Amino acid sequence: MKIIVDCMSGDNAPEEIVRGALEGKQKENVELLLVGNEAAIREVASKYNFSLDGCTIVENTGENITMEDDATSVVKEKNESSMAVALKLLKDGQGDGMVSAGNTGALLTGATLILRRIKGVRRPALGAVLPFGTPTLLADAGAQAVCAPEDLVMFARMGSMYMNKVMGVENPKVALINNGAEECKGTDLQKETYQALKNIPEINFAGNIEGREIFDGEYDVLIADGFTGNIVLKTCEGAGKFVKKCLSDVFYRNFSSKIAYLFAKGSVNQLRKDTSYDSHGGAPFLGIAKPVIKGHGSSNHISIAACVGQAKRYAESGMIEYIASLKTSSTEEKDA
């Protein structure tokens with residue numbers, strides 16, 4: 001199994017990206033194809049005493065993509081960036097999956113135009129993993145602002161399949177994000193999606209979920225259009241930061257609270273771990289014809305190492321091939 005890593009994209013590139021990739025290599029027993037500046041990659045490996053055995057370095061010749069670049073830059077003026085080169089290598093079969101912490105719009109555009117979508121998938125989705133003790137997949141988390149009911153149904157199919165085949169959840173419970181629990185709530189998009197999902201037996205559809213229930217962690221897959229999903233994702237991230245700040249304020253308020261922290265330290269650290277995005281890796285691009293994992297722009301080495309494992313499991317799952325076979329079978333039946 002070989003995982004391609006875009007080493008030059010992300011706020012903490014290349015150091016945290018390379019360090020995390022090499023940690024992931026050791027943990028997951030995979031080979032790596034590291035794309036970026038060779039001297040910088042070797043410097044990081046030397047700094048942290050990592051061997052580059054089992055690694056291939058591919059140096060890109062063009063300017064790298066920044067977070068401010070236009071989404072189309074990956075296939076236009078920066079088509080020799082580390083991100084673009086990594087995508088081309090994946091397309092050519094040089095690796096089994098890819099990890100990048102770069103510009104989300106550019107990565108999605110590049111993945112869609114270079115790798116293409118799975119046949120029969122109209123719109124790919126960004127599947128963010130939310131750390132609610134047990135992981136919850138949010139799809140779409142920001143890739144498609146405007147969706148039709150058929151898109152949300154496909155997100156539910158792919159999200160359910162990802163949680164089952166990649167995350168090992170048996171019969172994942174799926175919920176539709178809405179402004180009320182009743183099936184009559186929401187816009188036409190939510191109403192029509194609800195009616196479609198409740199009539200698909202292979203999806204374990206549990207109905208609507210309101211925003212206040214999201215943090216309960218009772219569902220495995222949350223479905224939304226990308227506009228709504230991105231707001232939910234950013235709200236969850238902000239809520240996590242707020243809780244951590246409140247805990248810090250409480251325990252460092254005075255001498256007595258500092259003493260209390262010594263007794264509660266183990267539980268607080270476990271809470272931080274359970275609600276950390278780092279240990280859960282990144283967001284899979286669901287519906288793209290090759291496994292691509294999008295790490296957070298500010299990913300550290302812990303998160304990138306988890307992304308490597310995530311890409312490995314995604315590639316091993318056979319999920320992409322299975323979706324493609326379903327669509328091919330459906331098309332053949334219609335033609336017959």
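Predicted model: local features only at pLDDT ≥ 70, side-chain atom pairs only at ≥ 80, totals over all residues.
Start with the cysteines. A disulfide is a covalent bond between the sulfur atoms of two cysteines. The structure holds zero of them. Cysteine 236 is in no disulfide, and the nearest cysteine sulfur, that of cysteine 246, is 16 Å away. Cysteine 246 is likewise in no disulfide, with the sulfur of cysteine 236 as its nearest, 16 Å away.

Cysteine 236 has 7% relative accessibility and counts as buried. Cysteine 246 is partly exposed, at a relative accessible area of 30%. The cut-off for buried is under 20%.

Now turn to helix H1. H1 covers residues 15–28, which makes 14 residues. From first C-alpha to last, H1 reaches 20 Å. That is close to the 20 Å expected at 1.5 Å a residue.

How much of H1 is buried? Ten of its 14 residues are, so H1 is largely enclosed by the rest of the structure. The buried residues include Ile17, Val18, Ala21 and Leu22.

What covers them? The cover includes strand S1 (2–6), strand S2 (31–35) and strand S3 (55–58). Helix H2 (38–47) and helix H9 (301–317) also contribute to it.

Just after H1 comes asparagine 29, which takes a positive phi of about 55°.

Technical notes. Residues numbered from 1 in each chain as written. Heavy atoms only, no water. Disulfide = S-S within 2.5 Å. Buried < 20%, exposed > 50% of the residue type's maximum accessible area, 1.4 Å probe, protein only. Helix = DSSP H or I, 4+ residues; strand = E, 2+ residues; numbered from the N terminus. Expected span 1.5 Å × (residues − 1). Contact = heavy atoms within 4.5 Å.
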